[in-house]
Amino acid sequence: MKVFQKTKMLTDAHLHYCPGCTHGIVHRLVAESIEELGLQEKSIGIAPVGCAVFAYDYFNCDMQEAAHGRAPAVATGIKRCLPDRLVFVYQGDGDLASIGMAETVHAAARGEKITIIFINNSIYGMTGGQMAPTTLIGQKATTCQNGRDPAVNGYPIRVCELLATLDAPYYIERVSTHDVKHVLAAKKAIKKALQFQAEGRGYTFVEVLVSCPTNWHMRPVDALRFMGEECTKTFPLGVFRDKSEGKQ
Amino acid sequence: MSKILLHGTEAICEGAIRNGCRAFFGYPITPQNEVPEYMSVKMPQIGGVFVQAESEVAAINMVYGAAGAGIRAMTSSSSPGVSLKQEGISYIACARIPCVIVNIMRAGPGLGGIQPAQGDYFQATKGGGHGDYHLIVLAPSSVQEACDYTYRAFDLADRYRVPAMILADGMIGQLMEPVELPPMRDLKEIPEKDWATSGHYGAARRVLNSLIIQPDELEPHVNEMQRTYEEIYRNERRAVEYCTEDAEIVLTAYGTVARIVKSAVNELRKQGVKAGCVRPITLYPFPDDTYAACAARPNTKAFLSVELSLGQMVEDVKLAVNGKKPVYFYGRTGGNVPEESEIVAAAKKALAQAEAEK
Amino acid sequence: MAGITVDEKICKGCGLCANACPKKVISISEHRMNQNGYFIAEAVNPQNCIGCAFCAIMCPDCAIVVER
């Protein structure tokens, strides 16, 4: 008996991500969750600009490719017109927390009934390793080659904490992909968020810490360790809002 | 049918609503605020969607989403706001999503002023954002036309899968005139969109995208877009002629300026000058056939383009006339509107210059 | 009898599966390469597999099928 095989909610296309990049894991978690909830046929996904720009090739449902940072606005347009569909947005940190911060904050403030999957790998991956709004203090990037210096580059943005200052969001959680236990927890959070949306509860947001072995200049296994040991210090895991459990 | 008194902005909204527009996304900017205000009241009444976006950038991307999901969607703004929308418009054009964008032009560049202008002609007709693309651009000169052209813009956009723009100036926005409203269209009449990403319910999955990374795939895609523009050019050029049959000087203007030009033509005729005018309705596709026909007439000695800019449409007039007759220009800018007398004087000067240069 | 099948065409040899396996079933080959030039993951101690699917859970490319 097969106890693990690829979900039908992912297409047969081979993922283009670098070896060991855990983007692929998150794709699988989102796809499996949608399939398990039986929402495949009413799902519309929004792909970002960044490493996940080809996400429209991978998710086996209707997809729109948005301009850089604009995915929450695109999702707003769809969800408001088709409120019974499942609308999910997949964005990286440059897309969501830098160029698209206005769209991010306002979709959350309006309480759009969408699900945002936020991939935080603390770097601009697709363009070759530039500093991101989430780059850790001291972390090297091609545009801060001696490491991020707060005096020059400021501090990383904690998006979950920032969105949790708003009244409207229904569910906000930060999870990680650095080991089996955390991947399973990430799956639970993503599925919960999608379920909340399907129930029409409100805005749901899951930040997922992901590794970037290529631009962190680490072996994939070392990148997982760095994520678990370092990234989680700046970006602590946990539930920041869950109105279903009265967590405001 | 009876007429009712409406503002230009309200007429635009009614034209949209009556042809199935059920989603509006906007952001405040003078002088078009009455459009989002009107839509915020009307949309909920007819089961439509209104969202005041956080920016013009977000508003056009909400249109991308809604129109991509198959809903007739619209946004409106004024010049600086339309500049902000250009990114989204370019994506919409490449992904071939039909929608309607309203630009109630104000004076630029920069933050400019809030008085009427026509300085966005180049932006509207030549693409505006990055890449090879065009919009269908319609220019109303009355409140009735503001309603009718907006109505028509939705059909044109859907038919060709090309975004359409209503290019009006602040005067149209603020004018009040009697309007005969078209009947409310039954949404079931609007042809189904077999490309819409609407949650496919068992159909083959659909993707709307403007990323075509292989040169050998992007080139045929833009060539296909170009073929559509050529088809639009063949089918949709529209212009109105007035007294051009025997005219020695053919004036031309669009939007509200065309109304002043028309009265200038009457005044010139009264003074014994054989004047006429051409008013383009479609700015893209540009009705070059009308100008070429005028240029071919032996009685036509010169053209004069009158604009609320420093000379933008005049370039298309020159291309259409193709050197057969001299083309002159008279324009005001900064939010100033020419008086009839200024246009009369400019027309006489142009005619004299054409005679002298002969 | 538990076991894994690696889709060798898709595998990128990142080693996250081998790292996650509690029974040291999987290893990245030092000799066998796929068409993309990646050394591929292979079950070197298949008899030890308990079908826990940790490897598949960590595989970013959905390249592993687990049976039990």
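Two strands are said to pair if DSSP finds at least two bridges between them, and the helices (H or I, at least four residues) and strands (E, at least two) named below are DSSP runs, numbered from the N terminus. This is a predicted model, in which local features need pLDDT of at least 70 and side-chain atom pairs count only at pLDDT 80 or more, while totals for chains, interfaces and linings use all residues. Residues are numbered from 1 along each chain as its sequence is written, chains are lettered from A and ligands numbered from 1 in the order in which they are written, and side-chain values use heavy atoms, with hydrogens and water left out.

**View 1. An open sheet of three strands, with antiparallel pairing, runs in the order β1(A)-β4(C)-β1(C).** Its edge strands, each of which pairs on one side only, are β1 (2-4) of chain A and β1 (3-6) of chain C. From one strand to the next, the twist averages 35°. Four bridges join β1(C) to strand β4 (residues 64-67) of chain C in the antiparallel sense, and here C:Gly3 stands opposite C:Glu67.

**View 2. Strand β2 (residues 23-26) of chain B is covered on both faces.** B:Ala23 and B:Phe25 on one side, and B:Phe24 and B:Gly26 on the other, are all buried, where buried means under 20% relative accessible area, exposed over 50%, and partly exposed in between (1.4 Å probe, protein chains only). β2(B) pairs in the parallel sense with strand β3 (residues 49-52) of chain B over four bridges, and the bridge partner of B:Phe25 is B:Val51.

**View 3. Helix α3 (residues 71-81) of chain A crosses helix α3 (residues 56-68) of chain B at roughly 50°, and their axes come within 6 Å.** Because angles under 35 degrees count as roughly parallel, over 145 as roughly antiparallel, 65 to 115 as roughly perpendicular and the rest as oblique, α3(A) is oblique to α3(B). Axes are lines fitted to C-alpha atoms, for helices over the stretch in contact, and angles run from 0 to 180 degrees between N-to-C directions. Residues in contact (heavy atoms within 4.5 Å) include A:Ala73 and A:Cys81 of α3(A) and B:Asn61 and B:Tyr64 of α3(B).

**View 4. Helix α1 (residues 23-36) and helix α8 (residues 180-198), both of chain A, have axes that come within 9 Å and cross at roughly 45°.** This angle makes α1(A) oblique to α8(A). Among the residues that make the contact are A:Ile25 and A:Leu29 of α1(A), together with A:Val183 and A:Ile190 of α8(A).
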